[in-house]
Amino acid sequence: MIKKILGLGAIFFCCIISLVFAEETKPAQLAVWNPVQLISENDSIIGLRLSLLYTENENMSGITLGAGWNGTGSDLKGVSLGAVNWTGASAYGFKAGIFNYTGSRSVGLDLGVVNINDGDVTGAQWGIVNVTQGFFHGWQDSVFNYVYGSFVGWQDGLVNIVKGDVSGLQSGIVNSVGGTMQGLQLGLVNCAERMSGVQLGLFNNANSLDGVQIGLSNYNRGADPMLWMVGVNWSF
């Protein structure tokens with residue numbers, strides 16, 4: 001009975017190994033500067049990737065530690081720590097460095113001086129400059145936050161800009177929403193195409209207001225009932 005179990009275990013192990021190598025997936029990577037690396041850039045890594053200056057692989061699942069450029073052609077799953085963390089497709093996990101880039105969907109946390117995502121984001125971006133091309137769901141915190149799509153969550157920075165709709169909170173020096181803002185804008189200057197909620201700041205502006213503006217200068221350009229008020233303006 002024990003021999004049978006051991007035999008089946010050996011067969012199973014061999015099958016797993018054969019599948020791993022058939023898919024050109026390797027357990028570890030050691031790199032100096034691509035192509036001076038242990039595993040080809042066309043292969044994928046499931047495990048640990050160590051790089052001195054520059055490494056590149058098709059897919060990466062696990063932990064990447066590098067002093068320079070950590071490149072992933074397609075999907076990244078896990079942790080990537082380096083000066084530059086570049087992901088061509090989707091990223092799931094945690095990236096920390098000077099510059100973090102994701103070409104498609106990102107789920108997790110990006111911590112860096114500059115964080116750029118060309119797809120949708122679920123999670124958080126913390127840095128000096130955060131830019132997202134798609135839909136953002138979560139928390140952006142930096143000096144400059146920019147979202148081309150819509151936003152749900154909290155955007156916190158000196159300058160916060162969303163081209164689409166927002167549901168949640170914007171807090172900063174300048175807050176701007178190109179679509180409908182549902183929630184609270186808290187800053188020195190608050191602007192929204194359509195405001196449904198509260199604007200609290202020195203200067204508040206909305207082309208269409210369904211809520212309350214509290215500040216030194218409040219513009220409701222829909223002029224229903226008042227175009228401009230000092231202190232408080234409202235429309236419901």
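Analyst: What follows is a description of strand β17 and the residues around it. The model is predicted, so to speak of local features a pLDDT of at least 70 is needed, side-chain atom pairs count only at pLDDT 80 or more, and totals for chains, interfaces and linings use all residues. Residues are numbered from 1 along each chain as its sequence is written, and side-chain values use heavy atoms, with hydrogens and water left out.

Asn233 lies in strand β17, where strands are DSSP runs (E) of at least two residues, numbered from the N terminus. With a relative accessibility of 1%, Asn233 counts as buried, a word that means under 20% relative accessible area, whereas exposed means over 50% and partly exposed lies in between (1.4 Å probe, protein chains only). Beyond its neighbours within four places in sequence, Asn233 is in contact with residues including Leu209, Gly211, Tyr219, Met226 and Trp228, contact being heavy atoms within 4.5 Å. For Met226, the backbone oxygen lies 3.3 Å from a polar atom of the Asn233 side chain.

Two of these partners, Tyr219 and Trp228, also belong together as rings: their centres are 6.4 Å apart and their planes stand at 50°, so the pair is tilted. Rings of Phe, Tyr and Trp (its six-membered ring) pair if their centres lie within 6.5 Å, and planes under 30 degrees apart count as stacked, over 60 as edge-to-face and the rest as tilted. Tyr219 is partly exposed, with a relative accessible area of 24%, and Trp228 is likewise partly exposed, at 39%.

Notes:
Helix = DSSP H or I, 4+ residues; strand = E, 2+ residues; numbered from the N terminus. Polar contact = N/O pair within 3.5 Å; in protein donor to acceptor, adjacent residues only side chain to side chain.
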